Amino acid sequence: MIIRSALASVLAAHLPKADGWEVNLVNDLREITLADPPHNMLFTLMRAVLDLAREDTLLGVPLSVRLRGLESKLPAGPVADRLRSVVLLESYDCDRADAASSGPWWEQAVPLAGRLAAAGTPRADVADFLALLEGSCPDQHRAGLHNVLTQGLGKAPFAREISDWKDTYETEQVSLPSAWRTVWELSPVLAPEVLEPWRPLLEILTTLAGQPAPARPEPVIRITSWTESYGGLSADVFAARAAEEGPAAAAGHLATAPVERTDVDASDARAGLLSDLVAQDPQLWARDPGGVAAAVAGDPAVLAAYFSSLHRAVRERKIADGRLAAIALAAFAARPAAGQDGSGAGQLEQVICNLLHRAWEGGLLLEDASGAAEGAVEWLEGVVTGWTQPRTGTPQPLSAAIDQAGGAALLSLTARALQLAQRTGQGLADPARGLLARLLEGEPDDQALAAIGICLAQLTHVDANWAEAHADPLYTLDAPWRPAAAWLLHGRPHSGILARLDRPALLQTAAAPGGIPVLDKIILSFLDGSESLGPAPALLTELAAQDGGPQAVSELLSRLAQAVIRCEETSPWPGRAAALWRCALEAQLEPAALTGAGRFAYADRLDNATWLDLTARTVTLQPKPEVPYAVAERAARHPHSTDALLIAAAMLGAQVDVFHQQEIQGHTARLFAQSTTEGTAEHEQLRIALINAGAIEAAYKDPPAGP
């Protein structure tokens, strides 16, 4: 016991000095070994603590004793929680076989999982711990596990947030928000129920990455040999050649340079090296795209790598927009010959489509005097025609479409048509107009129709008459690949489209699993004041009547609150949100539909009087709202309000973990002590609630002053 406590005390002294980034350099604490001691004393101590805990486990020391030193000595925080998770991970096989330790093991593990999810930047050991929990969790703990993980990860983003981030990422290469990165890195080990609200984000990230998240979070830093990475080719040599002789000459040398290693593909090695050379000095490599393309013209994979890297540099603003037209035309000039096979040819076609798409979106090449752009339009139309075919069984048609040259070509042609329509004000023009009509009127191609769907708002905006002429194929919701169905999940908001959709089908989609993007569009239609879906009470009643409807209304209220949290001070959204919340209360919905209204506790843009009134009415009907600790904290700010007393009394009955239970009791005790409404029925009701919650002293004695 003395050794265990002393070792934990020494580690505790080092933890406050620990740099979180430094700790994350070790991807798996189990890989630390004292046989080859790490240079950092913190890791040495952590390994010593883990070794002692493992030996105690083998000797049959009870779990409570093994953890006592960690619980009493280590400061709370992500590093200590990560260490606890590894202790539990390494002891699981022994503890599950011991009746005295199995129950306490899960009692420790479940709340710990929530804290780890909330901490962010998970490493491989944490992912393995969470994977163990999901795979082995007893039925009596599974709901609690999923609940703490859901709370720890926080609220999933709106579809608009995802779209805005993606647009910014493609132009400025901004980093992924920390909470989103946590979900991405943990997605392989979390349950579908936990990940469901995040599914739209994960689909976008999978598309951008070209594959799902790695099975375990990857190390923060990898040490590799540059020479080994390119099959023996030297990056320094070719970088020097490019600086001295120019990029075209360096590319020519690269095209003929022998790849010494026989266990790597020579084309892949050259492509990887050229891609990294462009990333190191994009300005240099963008000087002569035509010359570089001519130098490596015999290898489509190398061409694809070159132009893809230039495209990335343009998105990251490392190359001036003025260079984009020349790069796009050079890429088009290097296009594969008709009928040329191989993955490299397909990749090259796709990057050409993407470059032309970006150029047209930026207003470039719309009036190209050389005629090259007109040739590109004809070529793109041919790529689309050769790609599309009757099909309705693609599992994820939109992802499949944008990951192929044909889908990229269709989006590129659509982008050009939209830009021209905005310039001329005359609606969609051929060839895009005719091509889109043929795709809508012919035998359905689920991939092409899904690609049209993500542009549906823009198409409707620039040419409402064209959209009206094709209303049946555009707006029907009888299959998930229909344009309107793809738009609901991935497109930009447009109140006019919402109004045209079949109402029962729309509400069924909103209430179904994965319906959050649909709820976001419904929310925005009310916040923008369009009233395109008619009176709110009727809509909420109809939505609540669907399968999963009460939960959908709850989610709507929760995300409505999040929208108000982020709005401008002068925005009309808080007032409109309050009106919608009030409609939900007056619609006599079942209590489960009101759970999400608890999230309004964070919406400081909503004035206090309105919040107190609506929250008091809400908890009277549904005493178990979301984030009850936040509800209690906001109520505690209002000692002059009897509504605040009623709210606080209800929150004392919330089913939360011990930490949040103590937090709620603290807020409630302060409110009770500071209340100026002593003698009212609500004041006495709160006293009784405190007593029932076990806070007897707080019910009869003023607690210490708090924040």
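Two residues are in contact when heavy atoms of theirs lie within 4.5 Å. In this predicted model, A248 touches D288, G291, V292 and A295, if residues up to four places away in sequence are not counted. The place of A248 is in helix α15, which covers residues 247–256; helices here are DSSP runs of H or I with at least four residues, strands are runs of E with at least two, and both are numbered from the N terminus. A248 and L380 are 132 residues apart in sequence, and their C-alpha atoms are 27 Å apart in space.

## How the model is to be read

Because this is a predicted model, local features need a pLDDT of at least 70 and side-chain atom pairs count only at pLDDT 80 or more, while totals for chains, interfaces and linings use all residues. Residues are numbered from 1 along each chain as its sequence is written, and side-chain values use heavy atoms, with hydrogens and water left out.

The pLDDT, which is the predictor's confidence in each residue on a scale from 0 to 100, averages 86 over the chain, and 90% of the residues score at least 70. Among the elements of the chain, helix α37 (residues 608–621) has the highest mean pLDDT, 96, whereas helix α13 (residues 226–229) has the lowest, 47. Over residues 222–228 the pLDDT stays under 50, and for this stretch the model has seven contacts beyond four places in sequence.

## Helices α19 and α20

Two packed helices are described by the angle between their axes and the distance between the axes. The axes are lines fitted to C-alpha atoms, for helices over the stretch in contact, and the angles run from 0 to 180 degrees between N-to-C directions. Helix α19 (residues 300–315) packs against helix α20 (residues 324–333) at an angle of about 160°, and their axes are 11 Å apart. The two helices are therefore roughly antiparallel to each other, given that angles over 145 degrees count as roughly antiparallel, under 35 as roughly parallel, 65 to 115 as roughly perpendicular and the rest as oblique.

The crossing of α19 and α20 is left-handed, a word used if the near helix is turned anticlockwise from the far one by less than a right angle, with right-handed used if clockwise. F307, L310 and V314 of α19 make the contact with L324, I327, A330 and A331 of α20. By class, this contact has seven nonpolar, no polar and no charged residues, where Ala, Val, Leu, Ile, Met, Phe, Trp, Tyr, Cys and Pro count as nonpolar, Asp, Glu, Lys and Arg as charged, and the others, Gly among them, as polar. In the loop between α19 and α20 lies R317, which has a positive phi of about 60° although it is not a glycine.

## Helix α39 and its two partners

Helix α39 (residues 642–651) and helix α38 (residues 628–635) have axes that come within 9 Å and cross at roughly 155°, and α38 and α39 are therefore roughly antiparallel to each other. Their crossing is left-handed, and the contact is made by P628, V631, A632 and A635 of α38 together with A644, I647 and M651 of α39. The residues of this contact divide into seven nonpolar, no polar and no charged.

The axes of α37 and α39 come within 9 Å as well, but cross at roughly 40°, and these helices are therefore oblique to each other. Here, too, the crossing is left-handed. The contact, in which W611 and D613 of α37 and D643 and A644 of α39 are among the residues, has nine nonpolar, two polar and two charged residues.

## A cis peptide bond

A cis peptide bond, with omega of about 10°, joins D430 and P431. P431 is found in the loop between α24 (405–424) and α25 (432–441).
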